[in-house]
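Welcome, and please open your viewer. Let's take a short walk through this structure, one selection at a time.

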Amino acid sequence: MDTFLGFKKHTGVIVTGSASGIGRTVAMFAARQGLTVSAWDLSEAGIAETAAAIKADGGTCHPFALDASDPRAVEHAMAETYKLIGTVDGFVSVAGPSSFIKTEFSEAVQCTIDCARVPTEAWLTRDHNGPRSAVYVASVQGPRYGAGVQ
């Protein structure tokens with residue numbers, strides 16, 4: 001396989017929401033396809049587990065525990081990612097509301113939007129030579145199956 005979700009092998013990809021579920025699966029599969037993964041999530045323990053699993057499988061992963069809707073935290077992680085990886089050709093947004101806190105549905109949707117918008121804006125401001133690809137996965141199931149919708 002020459003690409004994963006349109007991302008070239010041996011390049012970098014950022015995957016938000018990668019401490020569990022869909023995000024972790026995407027991060028692990030991307031690493032298995034030869035991409036260097038910058039794994040972002042709010043859960044420090046979860047992101048450490050994802051990074052350890054990727055490394056145990058022979059991949060390369062740089063974990064960052066952060067809130068993907070926080071512009072300062074995102075800018076810091078983005079700068080560090082580019083220092084560690086160089087060019088980042090791919091971005092996969094999976095981050096959304098926490099499954100561990102009660103959230104109103106409208107707040108969950110806004111969180112999902114912000115967790116996609118803030119990192120995308122930071123990523124698109126970086127200099128880049130050649131095409132880039134972004135993939136967005138949105139789910140508001142976290143509040144429903146975590147603490148429950150109010």
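Some terms first: contact means heavy atoms within 4.5 Å. Helices (H or I, at least four residues) and strands (E, at least two) are DSSP runs, numbered from the N terminus. Axes are lines fitted to C-alpha atoms, for helices over the stretch in contact, and angles run from 0 to 180 degrees between N-to-C directions. This is a predicted model, in which local features need pLDDT of at least 70 and side-chain atom pairs count only at pLDDT 80 or more, while totals for chains, interfaces and linings use all residues. Residues are numbered from 1 along each chain as its sequence is written, and side-chain values use heavy atoms, leaving out hydrogens and water.

Start with the sheet. Its five strands form an open sheet in the order β5-β4-β3-β6-β7, with parallel pairing (two strands pair if DSSP finds at least two bridges between them). At the edges, select β5 (61-65) and β7 (133-136), each of which pairs on one side only.

Next, zoom in on β6 (residues 88-93), which is joined to β7 by four bridges. Here F91 stands opposite A134 in β7.

α2 lies across β4 and β5, at about 180° to β5. Select α3 (residues 71-85) too: this helix packs on the sheet and touches β3, β4, β5 and β6.

Finally, show V15. Which residues is V15 in contact with, leaving aside its neighbours within four places in sequence? Among them are G23, V26, V37, W40 and V92.
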